[in-house]
Amino acid sequence: MKRGRFIVIDGSEGAGKSTQINYIRDWLSEHHIDFWLTREPGGTAVGEQVRNILLNPANTIDADAELLLMMAARRQHLSAEILPRLSRGQWVICDRFNDSTYAYQGYGRGINITRIAELERWAMPDVEPDLRLIMSVSPEIAMQRLDQRNTHKDRFEQEQAEFFAAVAHGYHVRAQRENAVSIDADGDSDSVFEQIRPHLMAQL
């Protein structure tokens with residue numbers, strides 16, 4: 001059986017990932033592709049519990065502890081869901097993956113990139129997405145979108161502008177890596193998806 005495709009959509013808060021995942025879901029359905037939508041941290045019962053800990057604004061979490069929690073949730077995600085589904089030929093569409101770890105915990109929290117890479121080799125050996133879509137959004141538009149959500153901000157969303165600037169820089173660096181596609185996410189949702197569509201087509 002042909003292995004499924006592993007596609008990741010990543011980016012900072014307010015980049016419009018959720019909206020584009022809905023577009024991708026519709027595109028996959030139109031092409032009669034068996035797929036599974038998931039997210040990080042999360043994707044499993046254990047991962048969702050870790051997610052609740054990480055996003056709860058009442059929690060004060062050491063940066064290294066935050067990184068280890070992310071990696072633990074990812075390992076469970078890979079072993080329990082992502083790898084088995086890919087081996088069955090299913091496409092896996094994931095909201096965030098390892099690029100977010102480098103951007104948030106590396107550039108945002110200031111953890112040494114080498115340390116993250118070492119943990120990555122241990123937690124996810126020989127696992128690389130087939131397509132990495134990195135949404136790039138200006139800080140002004142990102143803040144406007146966050147303000148329009150009218151929801152309580154989670155622990156990451158409550159960070160200061162300096163943190164988000166560092167995260168954005170981290171994503172810019174990661175977007176230069178192999179098989180990464182930088183998407184200009186400042187425009188309306190239709191125009192953003194038109195940038196994504198040809199890269200999905202290339203995976204068929």
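**The second largest pocket and its surroundings**

Guide: Fifteen residues, or 15 in figures, line the second largest pocket, and P139, M143, A161, F164 and A165 are the ones nearest its centre. Two elements each give two or more residues to this lining: helix 6 (139-148) and helix 7 (161-174). Helices here are DSSP runs of H or I with at least four residues, strands are E runs of at least two, and both are numbered from the N terminus. Helix 7 provides the largest share, 4 residues.

Before going on, please note that this is a predicted model, in which local features need pLDDT of at least 70 and side-chain atom pairs count only at pLDDT 80 or more, while totals for chains, interfaces and linings use all residues. Residues are numbered from 1 along each chain as its sequence is written, and side-chain values use heavy atoms, leaving out hydrogens and water.

A word on the terms: on a 1 Å grid over the protein atoms alone, a pocket is an open set of points with protein on both sides within 12 Å along at least five of seven lines, a cavity is a set where a 1.4 Å probe fits but cannot get out, and lining residues have an atom within 4 Å of a point. Volume is the space filled by probe spheres set on the points, which are joined across faces, edges and corners.

The largest pocket holds about 610 Å³. Elements giving two or more residues to its lining are helix 1 (17-30), helix 2, helix 3, helix 4 (98-108) and helix 8 (189-201). Helix 1 gives the largest share, 4 residues. The lining has 33 residues in total, with E13, K17, D95, R96 and R149 nearest the centre of this pocket. By class, they split into 10 nonpolar, 10 polar and 13 charged residues.

R149 turns up again in the lining of the largest cavity, alongside L146, T151, K153 and E157. That cavity has a volume of about 30 Å³, and its lining counts 1 nonpolar, 1 polar and 3 charged residues.

Conventions: Ala, Val, Leu, Ile, Met, Phe, Trp, Tyr, Cys and Pro count as nonpolar, Asp, Glu, Lys and Arg as charged, and the others, Gly among them, as polar.
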